[in-house]
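Please prepare a briefing on the structure shown below, with the main points grouped by topic.

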Amino acid sequence: MTLDAEKAAARKYDYIVVGGGTAGCSLAATLSTKYSVLLLERGGSPYGVPEIENADAFGKPLDETDNYTSIAQTFISEEGVSNVRARVLGGGTAINAGFYSRAGSEYVRNVGWDEGLVEESYEWVEKQNAFKPYQLSPWSLAIRDGLLEAGVLPYNGYTLDHVDGTKISASTFDSKGKRHTAADLLRSANPDNIVVLLNATVSRILFNSPAQEAKPRASGVEFMDRHGRSYQAFLNETSSSSSSEVILTAGALGSPQLLLLSGIGPSQHLKEFKIPLVLDAPMVGQRVQDNPRASNSTPYK
């Protein structure tokens, strides 16, 4: 990990991954085994931060937010519903409740994924980041017993599989109460092939000019460091990769926002904000849905 934006921008890459969250960290780590990768994260490091690492501090980052530097950032939907998103390497895995479960096998088949590769990927993540709870907290016990009393059956005990009923699944908190985020997956990366730049906010994707390509093709990104200085990072045009790419893993809000800022989206909407059109894509930024954030406090002895 580095904060040296000038050094990071001085070379070219096979892949530029924007957003160091759950998807970004795992993609960057696996791609780096064969290709050069730049991973850009607008937040800082999760390591050495008690509010992230310690189970006893769970929830604190959700209550202590600001506009620029906090671990979590508050946002409000058009309907007025408040929520938060992560702003730290590891993304949502640094601020969520740490529940880990696999997707349903029917879902995997329906989206057309390679089931064998999915199984390998599960095992790769679980080996590093998923832990069987050594004991359940009073709160977890109350939730489990409440579900069973309400008839959410059968009771499946401990399992990582997506099943009907009630179950106990893995946690990203280990037996000592320490959180393991998606940033831990970067330990599997090839250190010679990856640069992880923190406090780097991407402002737009750069494209080759229409004269060079029949269709717009990403050539790099423009970003700012923590001091507000602007830099550009570019893809390696002579890469051994069949198709060097800018990959957006900036979340359900950040990825479409970046596409819009880069000129990809509904043409009329972009025109209203005087953003030059690169590609008319009417559905970008539309129909975003999320669960509302709901909190409650329950004292117990």
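Trp139 counts as partly exposed at 43% relative accessibility, where buried means under 20% relative accessible area, exposed over 50%, and partly exposed in between (1.4 Å probe, protein chains only). This is a predicted model, in which local features need pLDDT of at least 70 and side-chain atom pairs count only at pLDDT 80 or more, while totals for chains, interfaces and linings use all residues. Residues are numbered from 1 along each chain as its sequence is written, and side-chain values use heavy atoms, with hydrogens and water left out.

**Surface patch**

- Trp139 lies in helix H7 (residues 138-149); helices (H or I, at least four residues) and strands (E, at least two) are DSSP runs, numbered from the N terminus.
- Together with Ile143, Leu147 and Val152, Trp139 makes a nonpolar surface patch of about 330 Å²; the area comes from the Shrake-Rupley method with a 1.4 Å probe, and for residues only the protein chains shown count as cover.
- Patches are made of residues with over 30% relative accessible area and no salt bridge, like charges being joined within 9 Å and nonpolar side chains (Val, Leu, Ile, Met, Phe, Trp, Tyr) within 5 Å.

**Overall fold**

- The secondary structure of the protein chain comes to nine helices and 16 strands.
- The protein chain has a radius of gyration of 21 Å, close to the 19 Å that the globule rule gives for 301 residues, so it is as compact as a globular protein of that length; the radius is taken over C-alpha atoms, and the rule is 2.2 Å times the number of residues to the power 0.38.
- The C-alpha trace spans about 65 × 45 × 40 Å along its principal axes, and buried residues make up 40% of the 301 residues.

**Open sheet**

- Four strands form an open sheet with mixed pairing, in the order S1-S13-S12-S11; two strands pair if DSSP finds at least two bridges between them.
- Strand S1 (12-13) and strand S11 (201-207) stand at the edges with a single partner strand each, so one side of each is left without a neighbour in the sheet.
- S1 pairs with strand S13 (residues 230-235) in the parallel sense over two bridges, and Tyr13 stands opposite Leu235 in S13.

**Aromatic pairs**

- The count comes to three aromatic pairs, where rings of Phe, Tyr and Trp (its six-membered ring) pair if their centres lie within 6.5 Å, and planes under 30 degrees apart count as stacked, over 60 as edge-to-face and the rest as tilted.
- Among them is the edge-to-face pair of Tyr15 and Tyr35, at 5.4 Å centre to centre and 65° between the planes, which links strand S2 (residues 15-18) to the loop between helix H2 (22-31) and strand S3 (37-40), 20 residues apart.
- Tyr15 is buried, with a relative accessible area of 10%, whereas Tyr35 is partly exposed at 22%.

**Salt bridges**

- A search of the whole structure finds eight salt bridges, each being a side-chain nitrogen of Lys or Arg within 4 Å of a carboxyl oxygen of Asp or Glu.
- One of them joins the side chains of Glu222 and Arg204 (3.4 Å, N to O), linking strand S12 (residues 218-224) to strand S11 across 18 residues.
- Glu222 counts as buried at 17% relative accessibility, while Arg204 is partly exposed at 34%.
- Asp66 and Arg87 also meet in a salt bridge (3.4 Å, N to O), in which Asp66 is partly exposed at 34% and Arg87 is buried at 6%.
- Arg102, Glu119 and Glu126 are linked in a network of salt bridges.
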